[in-house]
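Okay, thanks for having me, everyone. Let me put the structure up, and then I'll talk you through a few parts of it.

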Amino acid sequence: MLQPFSDEYFMKQALNEAHKAFDMGEIPVGAVVVCQNRIVAQAHNLTETLNDVTAHAEMQAITAAANMLGGKYLNDCTLYVTLEPCVMCAGALGWSQIGRIVYGTEDEKKGFRRYAEKAMHPKTTLLGGILETECSTLVKEFFLSKR
């Protein structure tokens with residue numbers, strides 16, 4: 001059983017968002033922003049739906065969290081995202097000064113750690129590999145279904 005307010009608990013919520021994206025034909029990435037053990041934003045990829053290459057789950061979550069909290073800085077928040085952020089999202093997360101990022105699985109092709117690890121704010125902490133198998137399997141299933 002998942003412990004409430006654990007990294008696994010919140011990653012499961014991000015996975016729920018990723019499943020919504022999958023069902024919509026979007027690349028299955030989900031994200032939630034948590035502040036003081038409360039989900040303040042939840043989102044999934046909408047690039048196909050909105051015909052917008054910037055409509056990644058992280059970008060949607062950053063905007064929703066900033067609106068909910070009434071400010072652009074998310075330094076007291078944690079982002080849970082099923083896939084390692086890309087360079088674009090890492091830049092936005094850096095500008096938001098997010099306090100912590102927890103991701104499920106690495107993005108071997110587009111992950112920011114390969115190209116721009118310094119894009120993050122210096123005080124942002126990272127943790128990867130939370131529910132890694134579930135996150136990775138969902139992305140793989142999506143792309144296999146497209147072939």
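Before I point at anything: when I say strand, I mean a DSSP run of E that is at least two residues long, and strands are numbered from the N terminus. And do keep in mind that this is a predicted model.

With that, let's start at T82, which sits in strand β3. Is T82 buried or exposed? The cut-off for buried is under 20% relative accessible area. T82 comes out at 3% relative accessibility, so it counts as buried. What's around it? Leaving out residues up to four places away in sequence, T82 touches M11, A14, L15, A18, P28, V29, G30, G104, T105 and C135.

Have a look at α1, residues 7-23, and α5, residues 132-146: their axes come within 11 Å and cross at roughly 5°. That makes the two helices, α1 and α5, roughly parallel. On the α1 side of the contact we have M11, L15, A18, H19 and F22, and they meet E134, C135, L138, E141 and F142 from α5. If you sort that contact by class, you get seven nonpolar residues, one polar and two charged.

Staying with α5, this helix has 15 residues and reaches 22 Å from first C-alpha to last, close to the 21 Å you'd expect at 1.5 Å a residue. Which residues of α5 are buried? Those are C135, S136, L138, V139 and F142. Looking down the axis of α5, the buried ones fall within an arc of 160°, so they line one face of the helix. Over on the other side, T133, K140 and L144 are exposed. As for what covers the buried residues of α5, that includes α1, plus β3 (77-83) and β4 (100-105).

Now over to α2, residues 57-69. Here we have 13 residues reaching 18 Å from first C-alpha to last, close to the expected 18 Å. The buried residues in α2 are A57, E58, A61, I62, A65 and A66. Around the axis they cover an arc of only 155°, which puts them on the same side of α2. Why would that happen in a helix? Well, an α-helix has 3.6 residues a turn, so residues three or four places apart point the same way.

And what do the buried residues of α2 pack against? They pack against β1 (30-35), β2 (38-44), β3 and α3 (87-96). One last stop: just after α2, G70 takes a positive phi of about 75°.

Conventions: Residues are numbered from 1 along each chain as its sequence is written. This is a predicted model: local features need pLDDT of at least 70, side-chain atom pairs count only at pLDDT 80 or more; totals for chains, interfaces and linings use all residues. Side-chain values use heavy atoms; hydrogens and water are left out. Axes are lines fitted to C-alpha atoms, for helices over the stretch in contact, and angles run from 0 to 180 degrees between N-to-C directions. Helices (H or I, at least four residues) and strands (E, at least two) are DSSP runs, numbered from the N terminus. Angles under 35 degrees count as roughly parallel, over 145 as roughly antiparallel, 65 to 115 as roughly perpendicular and the rest as oblique. Contact means heavy atoms within 4.5 Å. Ala, Val, Leu, Ile, Met, Phe, Trp, Tyr, Cys and Pro count as nonpolar, Asp, Glu, Lys and Arg as charged, and the others, Gly among them, as polar. The expected span of a helix is 1.5 Å times one less than its number of residues. Buried means under 20% relative accessible area, exposed over 50%, partly exposed in between (1.4 Å probe, protein chains only). The arc is that of the directions from the helix axis to the C-beta atoms.
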